[in-house]
Amino acid sequence: MTGPAAELAGKVAVVTGGGSGIGLASCARLAADGFTVAVLDLQPAAAAGAAAMTLRCDVTDESSVATAITAVLGQLGGIDVLVNNAGITGSRQAARCHETPVAEWDKVQAVNVRGPFLCSRAVLPSMIARGSGHIITIASVAGLVAFPGRCAYTASKGAALMLTRSIAVDYAAAGIRANAVCPGMVYTPMTSWRLDQPQLRAEVEERIPFGRVAAPEEIADAVALLASGRLGYMTGHPLVVDGGMSAL
Ligand SMILES: NC(=O)c1ccc[n+]([C@@H]2O[C@H](COP(=O)([O-])OP(=O)(O)OC[C@H]3O[C@@H](n4cnc5c(N)ncnc54)[C@H](O)[C@@H]3O)[C@@H](O)[C@H]2O)c1
């Protein structure tokens, strides 16, 4: 084994929501780079074949997260990288603040904010004990600029970015870094209902300077770059991968 795979052999990455889309592509890429990968997902049966361990876990549930992280630590010995990827958009219907059902707001914040909080909270003690670790959260350009009619999602991704910065600040002295990836529009099961309709796809692509949406593998590239340990002085950073969307 040579190159990055040799450098990263034996390192452990936990990917939440690794059974689909960006998480699935990230698992495959991290495994190819030499990581031993554990997937935590609501639907582990669909989880990445590249993963060494797949666990059923609801990231919104404190005891479910604690049980899964304890199992990973017990079987794989330590966690070098946590990828907080599990996320939902909420209803397909556009909704501004006063139109957003309270239950939908709560559900979106639970998965997109409480989830990364619970998973980070669960892995941090073992990272502190080892004096190293990297928490990578998949936020969105919707955390940097507001998406029209996506009140709950936009607010949740802004909060996920600030959680990232908060962890970066609080644990830098412990040798732990926290960064975020901010994808623009990516073709996954989350977005295919929209992108499979030519008219809606054209409307989306019109707002992207590259003129196309991303493939999940292009976001996995960013996850792999951060996880590689290169860019080692970077922490608290939102890495934007959006084909120029947020530059408009
Ligand atoms: N697809 C995009 O255009 C896009 C753009 C920006 C950001 N993102 C973000 O990227 C991440 C991945 O999105 P995707 O497009 O791959 O979505 P996806 O729907 O394809 O995959 C999401 C995965 O998360 C899992 N999941 C959902 N709720 C969970 C829970 N409570 N506990 C555990 N697992 C749960 C699902 O089972 C699924 O496997 C999300 O955080 C999303 O907000 C996506």
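Two strands are taken to pair if DSSP finds at least two bridges between them. Helices (H or I, at least four residues) and strands (E, at least two) are DSSP runs, numbered from the N terminus. The structure is a predicted model, in which local features need pLDDT of at least 70 and side-chain atom pairs count only at pLDDT 80 or more, while totals for chains, interfaces and linings use all residues. Residues are numbered from 1 along each chain as its sequence is written.

Strand S1 (residues 12-16) pairs on two sides. Valine 14 stands opposite leucine 82 in S4, and three bridges join S1 to this parallel strand, residues 81-84. Valine 14 also stands opposite alanine 38 in S2; S2 (residues 36-41) runs parallel to S1 and is joined to it by five bridges. Together with H2, S1 and S2 form a right-handed β-α-β unit (with the strands pointing away from the viewer, the path from the first strand over the helix to the second runs clockwise).

Because five of the five residues of S1 are buried, the strand is largely enclosed by the rest of the structure; buried denotes 20 or more other C-beta atoms within 10 Å of the residue's own, with C-beta atoms placed from the backbone. Val12, Val14 and Thr16 cover one side, and Ala13 and Val15 the other.

Around the ligand lie 29 residues, of which Gly17, Gly21, Gly87, Thr188 and Met190 come nearest (a residue is near if its C-beta atom, placed from the backbone, lies within 6 Å). Helices H2 (21-32) and H4 (102-130) are the elements that give two or more residues to this shell, and H2 supplies the largest share, three residues.

Terms used. Buried ≥ 20, exposed ≤ 12 C-beta atoms within 10 Å, placed from the backbone.
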